[in-house]
Amino acid sequence: MTEKNEIYQEVSALLSKLFEIDPQDISPDARLYEDLELDSIDAVDMIVHLQKKTGKKIKPEEFKAVRTVQDVVDAVERLLREE
């Protein structure tokens, strides 16, 4: 999981599977809370799954500014680059 497109596909699949979001509703600029109707508990679930996928510890402050699907992709990519 290194290329942004690959990360995006992974995040999209995760959102679809975990929260039963229609894949057509998921786009890079879709807002997690407003458009996809996630809540803070959903966000924690997503972070836990991303940690398992990446094998990296995700710091909560990294995700405080995350608002869109693209923000999640960028945060995961930054995390993977820190290797």
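In which helix is Ser 40 found? Ser 40 is found in helix α2, which comprises residues 40–54; helices (H or I, at least four residues) are DSSP runs, numbered from the N terminus. The model is predicted, so that local features need pLDDT of at least 70 and side-chain atom pairs count only at pLDDT 80 or more, whereas totals for chains, interfaces and linings use all residues. Residues are numbered from 1 along each chain as its sequence is written, and side-chain values use heavy atoms, with hydrogens and water left out.

An unreviewed UniProt entry annotates Ser 40 as "modified residue: O-(pantetheine 4'-phosphoryl)serine". UniProt positions are given in the numbering used here, feature names are shortened, and annotations may be inferred rather than shown by experiment. Ser 40 counts as exposed because its relative accessibility is 53%; the cut-offs are under 20% relative accessible area for buried and over 50% for exposed, with partly exposed in between (1.4 Å probe, protein chains only).

Helix α1 covers residues 4–19. Its 16 residues should span 22 Å at 1.5 Å a residue, and the end C-alpha atoms are 22 Å apart, in agreement; the expected span is 1.5 Å times one less than the number of residues. The buried residues in α1 are Ile 7, Tyr 8, Val 11, Ser 12, Leu 14, Leu 15 and Phe 19. They lie on the same side of α1, because they cover an arc of only 160° around the axis, where the arc is that of the directions from the helix axis to the C-beta atoms. These buried residues of α1 pack against α2 and α4 (69–81), contact being defined as heavy atoms within 4.5 Å.

The loop between α1 and α2 contains Glu 20, Asp 25 and Glu 37. Most residues other than glycine have a negative phi. Glu 20 is exposed, because its relative accessible area is 73%, and Glu 37 is exposed at 66%. Asp 25, by contrast, counts as partly exposed, at 46% relative accessibility. Not counting residues up to four places away in sequence, Asp 25 touches Ala 30 and Leu 36. Asp 25 and Ser 12 are 13 residues apart along the chain, and their C-alpha atoms are separated by 9.7 Å.

Helices α2 and α4 pack at an angle of about 35°, and their axes are 12 Å apart. Axes are lines fitted to C-alpha atoms, for helices over the stretch in contact, and angles run from 0 to 180 degrees between N-to-C directions. The crossing of α2 and α4 is right-handed. Met 46, Leu 50 and Thr 54 of α2 make the contact with Val 72, Val 76, Leu 79 and Leu 80 of α4.

Ile 58 lies in the loop between α2 and α3 (60–63). With a relative accessible area of 4%, Ile 58 is buried. Not counting residues up to four places away in sequence, Ile 58 touches Ile 47, Leu 50, Gln 51, Phe 63 and Leu 79. Leu 50 and Leu 79 also take part in the contact between α2 and α4. Ile 58 and Asn 5 are 53 residues apart in sequence and 20 Å apart in space, C-alpha to C-alpha.

Conventions:
Helices (H or I, at least four residues) and strands (E, at least two) are DSSP runs, numbered from the N terminus. A crossing is left-handed if the near helix is turned anticlockwise from the far one by less than a right angle, and right-handed if clockwise.
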